[in-house]
Amino acid sequence: MFAIGAGERVVGITHECDFPPDAQHLPRLTSSALPHSGSPGEIDRHVRRSLHAGSSLYHLDAEQLEELQPDLIITQELCKVCAVSYEIVDRAARRLQSDPRVISLEPSSLEDVYANVTTVGELTGCERGAADLIEHLRERESAVRNVSAGRPRPRVLLLEWTDPPMSAGHWTPGLIEAAGGTPVLGNPGGNSRVLTFDEIAAEDPDVIVVAPCGFDLQKTAECVAELGRDERWNALRAVREQRVHLVDGNAYVNRPGPRLVDTIEILAKSFGR
């Protein structure tokens, strides 16, 4: 919304919305039921218990939503673990006097993200801003691809979680490819999946990128330190040869928005491009 010039029309955000800075003063309509601290293993167990019990991982402030009376609500159905569910949003929207339009964005690739930008531009009357943004993003993506063309492509494992280890899904394998790498153990267009260390060792990746979902660099460093106490991790060739890179997954990997092109540039630098 902000990137296409519609930022002034945004009346509310989620508790996770921390970019751009101009959005920070807006009311936050969601909150998390997840523990604010804890190891990746503890968080994973909490999530699995909650989903098994049919409990929501997030809360929506329906009263505040009623006060804001939005005309358009942009939400997602891609992942129940990452944000308030579409069902909760839709149920709350049906009670609003403003009768808002509810749009669910569910990209599974970078091309889908570009398409979503176009859709949001059309919904907000910011078609020109959306088109300019996409043109700029495509130019940057093409620049990285051109630099990487003809060069050796390292085999790259990106971990979206560390306990248990989880592969990269949806758009992330495509980002690795655009940056000049060959993704291994990924699931393009689909959900992440749990990996075993035997699987990882068998693939023997040249490079490992660690970008846990929702974690910043400090928390990611803590995750890698925890992995360092596991002999199976330390036995991996990429770890022994110090080709493990940490990325702020919360900012650059897990959110399907314009900054995914930043991610391509970050990954390319880590691959020596």
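Guide: A contact, as the word is used here, means heavy atoms within 4.5 Å. The model is predicted. Among contacts in the chain between residues at least 6 apart in sequence, those that join residues at least 24 apart make up 69%. The chain has twelve helices and twelve strands, and 43% of its 273 residues count as buried. Along the principal axes, its C-alpha atoms fill a box of roughly 60 × 45 × 30 Å. For 273 residues, a compact globule would have a radius of gyration near 19 Å, and the value of 19 Å for the chain agrees with this.

Two packed helices are described by the angle between their axes and by the distance between the axes. Here the partners are α4, residues 110–124, and α5, residues 127–148. Their axes come within 7 Å and cross at roughly 160°. Angles over 145 degrees count as roughly antiparallel, and α4 and α5 are therefore roughly antiparallel to each other. The crossing in which α4 passes α5 is right-handed.

The residues that meet can be named on both sides. Helix α4 contributes Leu110, Glu111, Tyr114, Val117, Thr118, Gly121 and Glu122. From α5, the residues they meet are Glu127, Ala130, Leu133, Ile134, Leu137, Arg138 and Glu141. Sorted by class, this contact of α4 with α5 comprises seven nonpolar, two polar and five charged residues.

Technical notes: Residues are numbered from 1 along each chain as its sequence is written. This is a predicted model: local features need pLDDT of at least 70, side-chain atom pairs count only at pLDDT 80 or more; totals for chains, interfaces and linings use all residues. Side-chain values use heavy atoms; hydrogens and water are left out. Axes are lines fitted to C-alpha atoms, for helices over the stretch in contact, and angles run from 0 to 180 degrees between N-to-C directions. Helices (H or I, at least four residues) and strands (E, at least two) are DSSP runs, numbered from the N terminus. Angles under 35 degrees count as roughly parallel, over 145 as roughly antiparallel, 65 to 115 as roughly perpendicular and the rest as oblique. A crossing is left-handed if the near helix is turned anticlockwise from the far one by less than a right angle, and right-handed if clockwise. Ala, Val, Leu, Ile, Met, Phe, Trp, Tyr, Cys and Pro count as nonpolar, Asp, Glu, Lys and Arg as charged, and the others, Gly among them, as polar. The radius of gyration is taken over C-alpha atoms; the globule rule is 2.2 Å times the number of residues to the power 0.38. Buried means under 20% relative accessible area, exposed over 50%, partly exposed in between (1.4 Å probe, protein chains only).
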